[in-house]
Amino acid sequence: MTAPPDGPAPTDGLPVETTGALLREGAERLVLSGSETPRLDAELLLGHAVGVGRTVVLAHPEAPVGADAARRYRADVERRATGEPVAYLRGIKEFYGLAFEADARALIPRPETERLVELAGAEVMRRLGASARDAGARPLRIVDVGTGSGAIAVALAVSLRRLGALEAVEILATDISTDALDLARENAVAHAVAERIRFAQADLLPGDGADGTDDGGGFDLVLANLPYVRRDAIAGLPRATSFEPALALDGGPDGLDVIGRLLDRLPGALTSGGGALLEIGADQGEAIVALAAVRLPGWRCEVELDLAGLPRVARLGRP
Ligand SMILES: C[S@@+](CC[C@H](N)C(=O)[O-])C[C@H]1O[C@@H](n2cnc3c(N)ncnc32)[C@H](O)[C@@H]1O
């Protein structure tokens with residue numbers, strides 16, 4: 001095989017280390033540390049240290065690994081053993097088929113959120129198709145509330161670009177965290193959609209015009225994956241989540257504090273035919289319907305399931 005970029009190494013009389021041996025060593029260390037995915041973690045970290053994909057590492061257990069790469073790998077295995085997420089160590093997380101920059105400024109995008117992007121893409125295309133849109137038609141206005149790494153806004157923009165529909169929408173992405181917004185901007189630049197997404201720091205949505213913005217209302221589609229973990233459940237989450245911003249997880253005593261506040265804002269935020277798609281926890285299907293009945297009487301609230309048949313996204317709109 002072609003040697004990985006970092007190897008073979010000058011051995012200084014030491015035996016040459018191989019990918020297979022390093023993988024075994026790393027996986028054993030991570031089993032002891034309590035990782036739920038020790039072998040996968042070791043494969044990803046070795047690939048990262050050597051500068052190749054995980055599958056290359058897997059396919060060539062006999063390949064020599066350079067001393068510098070082996071050192072980097074062992075250092076990352078030790079950090080992983082303390083619980084630090086693999087995505088933060090690699091600085092990257094795949095989401096919706098795209099590579100997102102990932103670091104401690106924002107939540108690592110989760111696979112379950114891909115369902116929201118999928119539903120949002122379908123909803124945008126339905127709305128664009130339903131109205132006769134001539135050249136002068138107003139763009140569809142979309143907001144991603146609590147954008148974090150920018151996962152939803154950026155993945156949606158990339159998928160709309162592929163469908164030739166990006167020019168027909170305006171996307172705003174908000175977050176209360178300026179650190180998260182910085183990361184989201186970097187991801188938008190990396191995927192060449194930065195000029196199609198505006199970013200704004202806000203508690204949920206920008207003001208109603210009093211602060212000089214008019215971004216608080218008039219949206220056709222509100223998207224959000226806001227914090228929805230019950231506060232008393234946070235301590236029981238996998239250790240890796242303790243490295244993520246608490247602001248991204250803490251949904252208050254019943255998990256629905258922040259989402260509930262967004263429900264209160266929807267009547268002012270949505271156009272008359274507008275709708276919202278909000279990610280919820282798998283055990284919050286009934287709770288969100290009950291909450292919507294109280295906060296938004298008469299509104300539709302349906303729960304969309306994920307591929308495993310679990311409640312995943314609440315779809316809301318005026319009757
Ligand atoms: C669960 S994370 C989701 C991040 C991203 N949307 C995703 O799907 O990966 C929730 C995000 O909401 C943000 N957030 C929490 N409270 C907020 C608020 N009141 N207004 C705006 N953003 C908020 C957090 O900073 C965090 O980035």
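Predicted model: local features only at pLDDT ≥ 70, side-chain atom pairs only at ≥ 80, totals over all residues.
The ligand has 19 residues around it, and G146, D175, D203, L204 and N225 come nearest. Sorted by class, this shell consists of ten nonpolar, six polar and three charged residues. At G146, a polar backbone atom is 2.8 Å from a nitrogen atom of the ligand. At I176, a backbone N or O atom lies 3.2 Å from a ligand nitrogen. At A202, the corresponding distance from a backbone N or O atom to a nitrogen atom of the ligand is 3.4 Å. The ligand on its own would expose 590 Å², and the protein buries 96% of that area.

E244 sits in the loop between β8, residues 219-224, and α9, residues 257-269. Is this residue, E244, buried or exposed? E244 has a relative accessible area of 8%, so it is buried, the cut-off being under 20%. The side chain of E244 reaches the backbone nitrogen of I108 at a distance of 2.8 Å. Apart from residues up to four places away in sequence, E244 touches Y88, L107, I108 and R110.

Helix α2 covers residues 38-50, which makes 13 residues. From its first C-alpha to its last, α2 reaches 18 Å, close to the 18 Å expected at 1.5 Å a residue. Its buried residues are P38, D41, A42, E43, L45, L46, G47, A49 and V50. Among them are D41 and E43 as well as L45 and L46. In an α-helix there are 3.6 residues a turn, so residues three or four places apart point the same way. What do the buried residues of α2 pack against? Their partners are the helices α1 (19-33), α3 (54-59), α4 (67-81) and α5 (86-90), together with the strand β2 (64-65). After α2 comes G51, and its phi is positive, near 90 degrees.

Y96 has a phi of about 55 degrees. Y96 is placed in the loop between β3 (92-95) and β4 (98-101). With a relative accessible area of 25%, Y96 is partly exposed. A192 likewise is not a glycine, and its phi is positive at about 60 degrees. The loop that holds A192 runs between α8 (178-190) and β7 (197-201). The relative accessible area of A192 is 44%, so A192 counts as partly exposed, the class between 20% and 50%.

Helix α8 also contains E186. Why does E186 count as partly exposed? The reason is its relative accessibility of 31%. Leaving aside neighbours within four places in sequence, E186 is in contact with E101 and R105. E186 and A224 are 38 residues apart in sequence, and their C-alpha atoms are 20 Å apart in space.

Definitions and conventions: Residues numbered from 1 in each chain as written. Heavy atoms only, no water. Near = heavy atom within 4 Å. Polar contact = N/O pair within 3.5 Å; in protein donor to acceptor, adjacent residues only side chain to side chain. Areas by Shrake-Rupley, 256 points an atom, 1.4 Å probe, with all protein chains shown as cover. Nonpolar A, V, L, I, M, F, W, Y, C, P; charged D, E, K, R; others polar. Helix = DSSP H or I, 4+ residues; strand = E, 2+ residues; numbered from the N terminus. Buried < 20%, exposed > 50% of the residue type's maximum accessible area, 1.4 Å probe, protein only. Contact = heavy atoms within 4.5 Å. Expected span 1.5 Å × (residues − 1).
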